[in-house]
Amino acid sequence: MNASMMMINSMSVSPDMPSSSPFQSQSISTPTSSPPSTSLPLRTIPGSYGWPLLGPISDRLDYFWFQGPETFFRKRIEKHKSTVFRTNIPPTWPLFLNVNPNVIAVLDCKSFAHLFDMEIVEKKNILVGDFMPSVKFTGGLRVSAYLDTSEPKHAQLKGFAMDTLKRSSKLWVSEVVSSLDTLFDTVEKELSEKNSISYMVPLQKCVFNFLSKSIVGADPKADAEIAENGFSMLDKWLALQILPTVSIDILQPLEEIFLHSFAYPFALVSGDYNKLHNFVEKEGKEVVQRGQDEFGLTKEEAIHNLLFILGFNAFGGFSIFLPKLINAIASDTTGLQAKLRSEVKERCGTSALTFESVKSLELVQSVVYETLRLNPPVPLQFARARKDFQLSSYDSVYDIKKGELLCGYQPLVMRDSKVFDEAESFKAERFMGEKGSELLSYLYWSNGPQTGTPNDMNKQCAGKDYVTLVACLIVAYVFQRYESITGNSSSITAVEKAK
């Protein structure tokens, strides 16, 4: 096991990236627990949690109903004249009595960065805040996402995830392209029959297919039911876990009464989850066995963690992010498509795409990064103070006590006007050139900066480089196949074949 741990600590999951690549991870400095500059005044954290019960329920109604998440945070920034303040985050009573909704919001890039300094914060059981879905959703186990870096099992599981991604790196391109062929064949067929088509179902089938093969080594075609419905099984499994924490904009007060007042039981999806479990156990047996032999995991630990990586991290993330990327391109009226098409044709031509070839597409990369900046797949990030420390924003220093929960709302953090020019606007070329590369240190979508390196000592997404590479691959594929594409985040209305 000692040899195995040494391998984990030195492992890189970047898929054969040269040092000159803009995707190459770099080590960067992070906030430390040492006292911040004395040039900043010490300030009491503004805001409050309100009266017991009444304060949390008032904030919950603002968050989900009267204001919505973004306005909720913006109004409190204005009220307190601070990007650091105390507030409450759902879920809360009446049926979440064991959940403490009290948080300290950190909403600028400087204060937000403290969430990734594992010397001063911990991440035990706070993936979606103080609320944690029942472990029944993950086979009775606390999977890697809920473990702190100080827990021995975290190193084993993070190492297993990184090793699995690295070993499968040669499969990703072929599986993504094959799945995209099927997706866009379906899009073209349906567009020949109607003026507009929803692409969400074929897109999710595409994503589920290439992720199952690439991560688990399991072909959904081996099981007819999984091939047809695997993606929807994951959708339901995901939804029941996070419903108390997200707004889905249905008719109020029905959403508050039926979605945000109690946790849904695992029993509603247990049948589907067991089918997915059996699929991974049977068709992904080589990967599961490697988890046992090389990382000291039990069979069930390997299976349930693979399912969480596949379903929650990868499938869930892509299902949120890719429609935003498609929308940014397909709805653009500024000439962006012509620029993207020109870059793809100039750099890649009609040759088979590879991760190496898409690394040369600077504008494509920048568009992917800008989409992640404005639309991070996981909007909220949390961390609990491991010890007392002082947190710095741009204008003040604040005392944080051990055990206090920090919360950052990324869509606002990454609109920080002190870091990003015209921060509210989509600027396709923002991350190009030397200045653009420097901004990657403030792109936090992956539970850490884009310039960071995932390892067993942090909680950064093990597959962050694969996400950006696959997104670039998809954009390049689209402009090898089409002159233009028209649509939005849910539908496509027209495609023009490449000339």
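**A walk through the predicted model**

Glu175 sits in helix α6, residues 169–191. Helices here are DSSP runs of H or I with at least four residues, strands are runs of E with at least two, and both are numbered from the N terminus. This is a predicted model: local features need pLDDT of at least 70, side-chain atom pairs count only at pLDDT 80 or more, and totals for chains, interfaces and linings use all residues. Residues are numbered from 1 along each chain as its sequence is written, and side-chain values use heavy atoms, with hydrogens and water left out.

Glu175 has 16% relative accessibility and so counts as buried. Buried means under 20% relative accessible area, exposed over 50%, and partly exposed in between, with a 1.4 Å probe and protein chains only. Neighbours within four places in sequence set aside, Glu175 is in contact with Phe210, Lys213 and Ser214. Contact means heavy atoms within 4.5 Å.

Trp172 also belongs to helix α6. Its relative accessible area is 3%, so Trp172 is buried. Not counting residues up to four places away in sequence, Trp172 touches Leu165, Phe210, Leu211, Ser214, Ile215, Phe355, Tyr466 and Val470. Thr451 is 279 residues from Trp172 along the chain, and their C-alpha atoms are separated by 22 Å.

Val470 leads on to helix α18. Val470 is among the α18 residues that meet helix α12. The axes of α12 (residues 299–330) and α18 come within 11 Å and cross at roughly 40 degrees. Axes are lines fitted to C-alpha atoms, for helices over the stretch in contact, and angles run from 0 to 180 degrees between N-to-C directions. Angles under 35 degrees count as roughly parallel, over 145 as roughly antiparallel, 65 to 115 as roughly perpendicular, and the rest as oblique. The α12 and α18 crossing is right-handed. A crossing is left-handed if the near helix is turned anticlockwise from the far one by less than a right angle, and right-handed if clockwise. On the α12 side, the residues are Phe318, Phe321, Leu322, Leu325 and Ile329. They meet Val467, Val470, Ala471, Ile474, Val475 and Phe479 in α18.

Helix α15 (residues 362–374) meets α18 (residues 464–481) too. Their axes come within 9 Å and cross at roughly 120 degrees. This makes α15 oblique to α18. The crossing is right-handed. Val364, Gln365, Val368, Tyr369 and Leu372 of α15 meet Thr468, Ala471, Cys472 and Val475 of α18.

How many disulfides does the structure hold? It holds zero. A disulfide is a pair of cysteine sulfur atoms within 2.5 Å. Cys472 is in no disulfide; its nearest cysteine sulfur, that of Cys348, is 10 Å away. Cys472 is buried, with a relative accessible area of 0%. Cys206 is in no disulfide either, and its nearest cysteine sulfur, that of Cys472, is 16 Å away. Cys206 is buried as well, at 6% relative accessible area.

Now the sheets. An open sheet of three strands runs in the order β4-β10-β9, with antiparallel pairing. The edges are β4 (197–198) and β9, each with a single partner strand, so one side of each lacks a neighbour in the sheet. Helix α18 packs on this sheet, touching β9 and β10, and its direction makes about 115 degrees with that of β9. Strands β9 (residues 482–487) and β10 (residues 491–497) pair in the antiparallel sense over five bridges. Two strands pair if DSSP finds at least two bridges between them. They form a hairpin with three residues between them. Across it, Thr486 stands opposite Ala494, and Gly487 stands opposite Ile492.

A second open sheet has five strands in the order β1-β2-β8-β5-β3, with mixed pairing. Its edge strands are β1 (84–88) and β3 (121–122), and each pairs on one side only. Within it, β5 (residues 380–385) and β8 (residues 405–409) pair in the antiparallel sense over five bridges. Gln381 has Gly408 in β8 as its bridge partner. Helix α3 (residues 69–80) lies across β1, β2 (102–106), β5 and β8. It runs at about 130 degrees to β1.
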